[in-house]
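Please open the model in your viewer and keep the selection tool at hand. Each stop below tells you what to pick and what you will find there.

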Amino acid sequence: MTVLVQPMPWLRTAAFSLALRAGVDVEPDSKSGLSGLTCEMVQRGAGRHSSRDLVSIQDNLGMDRSSGVSTSTSNFGASMPAESLKEALALYAEIVLNPHLPENQLEDAKMMSLQEIRANQDEPTHRVMQRLRQLHYGNVLGRSTHGTEDGISEIKQEDVRCFFETNYHAGGSILAVAGNIEADQVFSWAENFFGQWQTKSLSEMASASGKSRYEHIKSGSSQTHIGFAFETIPYGHPDYFRMRAGIGILSDGMSSRLFDRVREQQGLCYTVTASCHSLKQHAGVFGYAGTTPERAQQTLDVTLNEINGMTEDLSESELERWKIRIQSLLIMEQESSASRASSLASDFYQVGRPITTEELESAIESLTTEQVRSYWQNHPPSDYRIVTLGPDPLNTPIDPISTPVQ
Amino acid sequence: MPVFRETTLSNGLRIAAEIDSRGYSAAFGYFVRAGSRNETDQQSGLSHFLEHMMFKGTARRSAADVNRELDELGGQGNAYTTEEQTVYYATVLPKFQDRLLDLLTDMLTPSLSTDEFETERKVILEEIAKYEDQPPFGAFERSMEIQFSPRGLGRRVLGTTESIQEMTAARMREYFLTMYRPENLVLAASGNIDFDSMVEQVETLTADWSQRQATGTDPVSCDATNSLPPGISLEPKLTIPEISQSYLVRISSGPSEASGDRYAARVLASILGDEGGSRMFWDLIDTGRAEVATIWPHEFTDCGAWFTYLVCDPADAPSNRDQIDRILSDVVQNGVTEEELNQTLNKASAGIIMQSERPSNRLFGLGSRWLTKGEYLSTDERLEKIKRVTTGDVANAAKNYFQNASHIEVVASGD
C-alpha cells in the first residue's frame, strides 16, 4: 500500500482517501454490481463493531464520509476535525481488513442496489450518459458502477466473499491523507493499522473496446437529452494539458465557447457541457446538452460544430482566462483537506506518483496557444459516440448501421 | 479569529463582512430581497428571470464582457433565486477584490435589453423543461403550492411555461426598479477582505442607486384570486409515464427563521432522517425498502415547513409511509435518547467547523441573515446554539410539530 501525506497546518481538519483496486472492471460479466455491493457489505460490521456501532463511532468522530466504486477502484474517504484522524484510520483498517460480510444482510444490501438502479432509470441524463459510457469504453470498462438488475439478482454470498478476498488487499492500494497532521505520525499509524495487510497480485487491466455509434432511446420526455463522446488521451500523458486546455476553452466557465455560443447567444439550451474523463490507459471527452425536441437537431449540430472548429479562431485571451481559472482553483484547494486528499490519491493512481500543486501550476503556466492549436489540429475529434433520449432520433455524423459493441 | 464588520452606505445599501486575513480566498455576494413570493401572477418567474438577465450586460459591459471578466478573475461564481431572495456571488483570490466588486456591482445595473430578454426567455423555458424530466417531477413545487397557495410562498421560483411566454421586458424593468432599491439589498463578504477599501469603492459605484423608482408605465393588475394562475394545478397526484419509482413529498407546518425551537427542530430532523445513521435510515434505507426516506425543516422568514421525502417502488409506498408514521408517533411519545442526541451534536458540530473552513461556504448564511434579520452569528455562536439543545427541547419540538399535525401529500408515479 502506498501512503501519501500532505500536511496543511493552517487547517482545523484532516481528510483521507483510500483507494483499492476493486473496481467494476474486475467483476465477472454476469455479476454486474458486485463491486458496489461488496463496498456496501464491508461497511455492515467489522472487527468488534456492528454496522450500527460503525456509524455511531463515525458520527461521534465528526466524520463526513463517502464511499463508492469506479471503473478500477473502490473508494472510502472522510474529512473530520484533525484530532479524529487516528481513530478514523483504525476504523477503516478494520472495515477493509476484517469486515463481517454478514450473510443475513445480503438481501437488504441487494435491495439497496436495486433501489439505486431503478432511481437512475428515472433520470434521463443519467441513462444517456451511462449508455454513452458503455458505447465509448465497451462492455467491461464502460460498465455501470451501480450494476444491472440481472447482475445484482445473480449475486450470492460466496460471490461477495470471493470478490472481497481476491480484490481487497494492499497491492495497488493508496491511502492519501491531507490536513492538520504530521507526516511521520500518519506513517506510523498506517504501519500499525494496515501493516499486516497482504499484497496479492492484480488482474491485468481490460482494454477499451468502444466503437463509433449512434443510439436513440425513445421517450416522451420534455427535453431531448443529447450525449456525445470521443476518444482522447488520459491524465498523465505528456500532451494531456494541451488537450485539456482545449476542453477548458470549450466548456470551463461562463465565457467558454459552448456556454457562450450555444446557450447565451442562441438560447438553445439551459445545460451544455463537455469534460474529460480518464481511466489509466484510456480516456474520453464526454459532453451533454438538453433541449426541447424541436431545437435538438440544431443544438447537436451547433455543439459539434463548435468542438470540431475549436482551433479556427483560438485566441490568446481564452487560454489566459482558463489558466487563471485553474490557478485560482489550485490555490483555493489549499482551503480543503478533503479536496487535497482526493487529488493526491487520484493523481497517484493515474500517474504513479504524487503531483505537487507547484508542478501543476508550472505545467499550466507554460502552455502556449500554439501548443494547444497544434495538438488539436493533429488530433481532431473523430469517431463520435452519440446517444439521444427523447421523442425522435436526430441526424448524426455517424453511419447509423454499425456493429454491436463488444 | 475572524472579525465581523458592517456598515450602511449613504444610499441605504447595507454591507456585512466576516474578515479572516489568513484566508486564501475572498467571497462576495449581493443578497436581494426579491423572490417568487414577492411576485403577482403577471410577474410569476420574474425574480429568477431577472437573475439570468444580470449576466446579460450593462451600460459599461456587453453580456459577453460580463461572462468573460468573471472568468478572467478566476471567479467561482453564480447566482440563485429562492422564494424570498435572489443572490449573486463569486469567490476570487484576494488580489482581485476591486475588479470583482466593480463587476458584480455593475452587473446589478443591467441593461435589460429587449433582444437579450428574448434570447434568455428561451433559456428559461429550457430550464423549466429540464426540471420536468427530473425526479421528483415537480412534486416539491406542487406541495408548496397546496400548502401555501400558488400565490405567495407557494409561487414557483421558475414561473410556469405560460407565465414566461407572456412576460414582457417592460414589466421586468418595472420589477427591477421596484425590487433592486439599495435598502432592499445587502452586500456580504467573507474571507481575506479589505473592508475599508470595499466600502469606499461600493459607495462610489452605487451612488445613483437611490434614484431607482418604478415609473408606473407598466402597471401590474391584481391577481384574480377566484381562479388559479395559468399553468397551475393543485392536483396532489402527478402521473409521469415511464417512471419506475414512486416519489412522495409530505409537507406540514414547521419552524420559521425566528422560531425559538428551530435548532431543536434541526437536531430532531437529523436524528430522524439523516443519510447514514438516522431512524429512517436504519428502518427504510439500510434494509433496502426505499431509495430515499428523509425529513427536514425548511425555514422561511415568517413561517416554515417540514418536508418528508420518500422514494421507493410504488408497491412498497403504503407500507413505507406507515413506517414513517410509526417513527414520527414514536418520537412524539418517547422523545429521543441522550446517546442519539450526543451523536447528532458531535456530528453537527464537526460539520459546522468543516463547513466554515471555506469563506465561500460562510458567505450565504452571513448575507442571508443580515438581509432578513440584521443579525450576525459567528461560527462559535452557531456551535454554542446547537450544543445547548437538550433531549427535552427535541421532545418538545417533536410534540409541537408532529402531534396531530395535518399535512399534505403529493405523489409522482408512473401510469
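This is a predicted model: local features need pLDDT of at least 70, side-chain atom pairs count only at pLDDT 80 or more; totals for chains, interfaces and linings use all residues.

**Stop 1**

Colour residues 2-194 of chain A as domain 1 and residues 213-390 as domain 2.

Domain 1 of chain A brings 32 residues to it, and domain 2 of chain A brings 29.

Stay on the domain 1 side. Which elements give two or more residues here? Three of them are the strands β1 (2-7), β2 (13-20) and β4 (74-81) of chain A. Helix α5 (124-141) and strand β5 (174-179) of chain A complete the list. Highlight α5(A): with eleven residues, it supplies the largest share of this side. Then colour the domain 1 side by residue class.

**Stop 2**

Zoom in on β7 (residues 224-231) and β9 (residues 283-291) of chain A. This pair is antiparallel and spans eight bridges. For a landmark, pick Phe228(A); its bridge partner in β9(A) is Gly287(A).

**Stop 1: a helix pair in chain A**

Next, select α10 (residues 257-264) and α11 (residues 296-308) of chain A. Their axes come within 10 Å and cross at roughly 150 degrees. Angles over 145 degrees count as roughly antiparallel, and α10(A) and α11(A) are therefore roughly antiparallel to each other. The crossing is right-handed.

Show the side chains at the contact. From α10(A), take Arg257(A), Leu258(A), Arg261(A) and Val262(A). From α11(A), take Thr299(A), Val302(A), Thr303(A) and Glu306(A). By class, this contact has three nonpolar, two polar and three charged residues.

**Stop 2: where the chains meet**

Zoom out and select the contact between chain A and chain B. It takes 54 residues from chain A and 49 from chain B.

Hide chain A and view the side of chain B that touches it. The elements giving two or more residues are α2 (63-72), α4 (114-132) and α12 (338-355) of chain B. Which of them gives the most? It is α4(B), with nine residues. Colour this side by class: 16 residues are nonpolar, 15 polar and 18 charged.

**Stop 3: the sheet in chain B**

Finish with the five strands β7-β11-β8-β10-β9 of chain B, listed in sheet order. This sheet is open, and its pairing is mixed. Its edge strands are β7 (237-239) and β9 (292-299) of chain B, each pairing on one side only. From one strand to the next, the twist averages 15 degrees.

Follow β9(B) to its partner β10 (residues 304-312) of chain B. The two run antiparallel and are joined by eight bridges. Pick Val292(B) here; Val311(B) in β10(B) is its bridge partner.

Note on methods
Residues are numbered from 1 along each chain as its sequence is written. Chains are lettered from A and ligands numbered from 1 in the order in which they are written. Domain bounds come from an automatic or database domain assignment. Two residues are in contact if their C-beta atoms, placed from the backbone, lie within 7 Å. Helices (H or I, at least four residues) and strands (E, at least two) are DSSP runs, numbered from the N terminus. Ala, Val, Leu, Ile, Met, Phe, Trp, Tyr, Cys and Pro count as nonpolar, Asp, Glu, Lys and Arg as charged, and the others, Gly among them, as polar. Two strands pair if DSSP finds at least two bridges between them. Axes are lines fitted to C-alpha atoms, for helices over the stretch in contact, and angles run from 0 to 180 degrees between N-to-C directions. Angles under 35 degrees count as roughly parallel, over 145 as roughly antiparallel, 65 to 115 as roughly perpendicular and the rest as oblique. A crossing is left-handed if the near helix is turned anticlockwise from the far one by less than a right angle, and right-handed if clockwise.
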